[in-house]
Amino acid sequence: MLRNRLIDGVRRIKPILCGGQSLRSLANGATSKLTTIEVDDRSGIATLSMNLPPVNTLTMELMHDLIDSINQIESNKSRGLILTSSNDKVFSAGLDLNEMLNTDVERLRLFWTRFQDLWLALHLCGLPTAAAINGHSPAAGCVLATACEYRVMLPNLFIGIHATRFSFVISKWMMNSYQSVLPRRIVERALNQGKLFASQEALDVGLVDEIACSKEEALSKCAAFIATFDKTNPVARCLTKRMCREPDVRELLQDRAADLKECVDYVTTPLFQEGLCAHLEGLKKRK
């Protein structure tokens with residue numbers, strides 16, 4: 001049974017720290033060049049900030065640090081995880097597209113495998129997760145946000161998966177992540193249009209759960225959401241979450257090699273390379 005398989009993965013989960021015990025040591029020792037972890041001693045909630053100027057592009061290195069940070073937060077028994085950005089304009093601009101341009105095939109395989117690993121780590125994280133979206137969140141930035149259980153966004157920003165604008169065809173698991181938040185009809189139209197939702201529109205369709213006036217308010221709203229699980233047993237909650245999300249990950253976990261092959265085969269086609277090159281040239285002209 002699925003429940004038994006999930007239990008095997010959480011047998012070593014211990015009860016979460018209570019009351020007066022401090023988690024400050026996690027905050028003190030968990031700063032890298034690319035990510036920062038801060039833990040509130042009273043709530044036990046960890047805030048994980050992406051910190052790669054200028055726009056938190058998901059490079060191989062940033063994805064590695066994010067995976068390590070998520071694992072560290074889980075192993076140190078935090079009560080929840082809030083993902084945010086140290087940049088006040090961009091949450092994450094998405095994948096490092098230069099890794100896909102005329103790339104070495106072996107390097108591309110490593111890059112896409114790491115992106116798979118990052119999404120799985122966040123989507124299946126045993127802790128309650130929330131995203132404080134304090135900047136624009138296109139493409140893979142949106143994928144990270146939808147991997148969280150709750151999203152709070154600041155006004156006058158945009159979020160969405162606009163891959164068709166630069167000739168990319170997303171993987172089924174990325175679509176599943178989007179579709180776990182939005183109705184299929186909206187997802188289909190938005191993906192085909194390469195649509196980016198403004199903050200209020202994202203709230204109206206359910207892509208985000210709340211709008212906040214400041215980053216501080218967004219973090220507070222995320223913490224309030226995580227606090228709604230205080231009366232639940234953390235192991236039971238973790239197992240239930242993973243059962244709910246199992247359909248989203250089933251296909252990827254059953255055959256990651258197939259997803260990797262599809263990605264590599266498509267990225268190396270002239271159609272994609274020409275489209276990506278034109279997109280990157282357009283971005284340079286806008287700067």
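Trainee: Among contacts in the chain between residues at least 6 apart in sequence, what percentage join residues at least 24 apart?

Mentor: A contact is defined by heavy atoms within 4.5 Å. Among those between residues at least 6 apart in this chain, 73% link residues at least 24 apart. The model is predicted, with local features needing pLDDT of at least 70 and side-chain atom pairs counting only at pLDDT 80 or more, whereas totals for chains, interfaces and linings use all residues. Residues are numbered from 1 along each chain as its sequence is written, and side-chain values use heavy atoms, leaving out hydrogens and water.

Trainee: How many helices and strands are in the chain, and what share of its residues is buried?

Mentor: Helices (H or I, at least four residues) and strands (E, at least two) are DSSP runs, numbered from the N terminus. This chain has twelve helices and nine strands. Buried means under 20% relative accessible area (1.4 Å probe, protein chains only); 50% of the 287 residues fall in that class.

Trainee: Which residues touch the most other members of the largest nonpolar core?

Mentor: Such a core is a set of buried Ala, Val, Leu, Ile, Met, Phe, Trp, Tyr and Cys residues joined through side-chain atoms within 4.5 Å. Here the largest has 83 residues, and Leu83, Met100, Trp112 and Tyr178 touch the most other members. H4 supplies the largest share of this core, nine residues. Neighbours within four places in sequence aside, the contacts of Leu83 include Leu66, Leu122, Leu144 and Cys148.

Trainee: At what angle do H3 and H4 pack?

Mentor: Axes are lines fitted to C-alpha atoms, for helices over the stretch in contact, and angles run from 0 to 180 degrees between N-to-C directions. H3 (residues 60-75) and H4 (residues 105-123) pack at about 30°, their axes 9 Å apart. Angles under 35 degrees count as roughly parallel, over 145 as roughly antiparallel, 65 to 115 as roughly perpendicular and the rest as oblique. H3 and H4 are therefore roughly parallel. Among the residues that meet are Met63, Leu66 and Ile70 in H3 and Leu110, Phe111 and Leu122 in H4. The contact of H3 with H4 has eleven nonpolar, one polar and four charged residues.

Trainee: Which residues make the contact of H5 with H6?

Mentor: The axes of H5 (residues 140-147) and H6 (residues 172-179) come within 9 Å and cross at roughly 55°, so these two helices are oblique to each other. H5 contributes Cys142, Val143, Thr146 and Ala147, and H6 contributes Met174, Ser177 and Tyr178.

Definitions and conventions:
Ala, Val, Leu, Ile, Met, Phe, Trp, Tyr, Cys and Pro count as nonpolar, Asp, Glu, Lys and Arg as charged, and the others, Gly among them, as polar.
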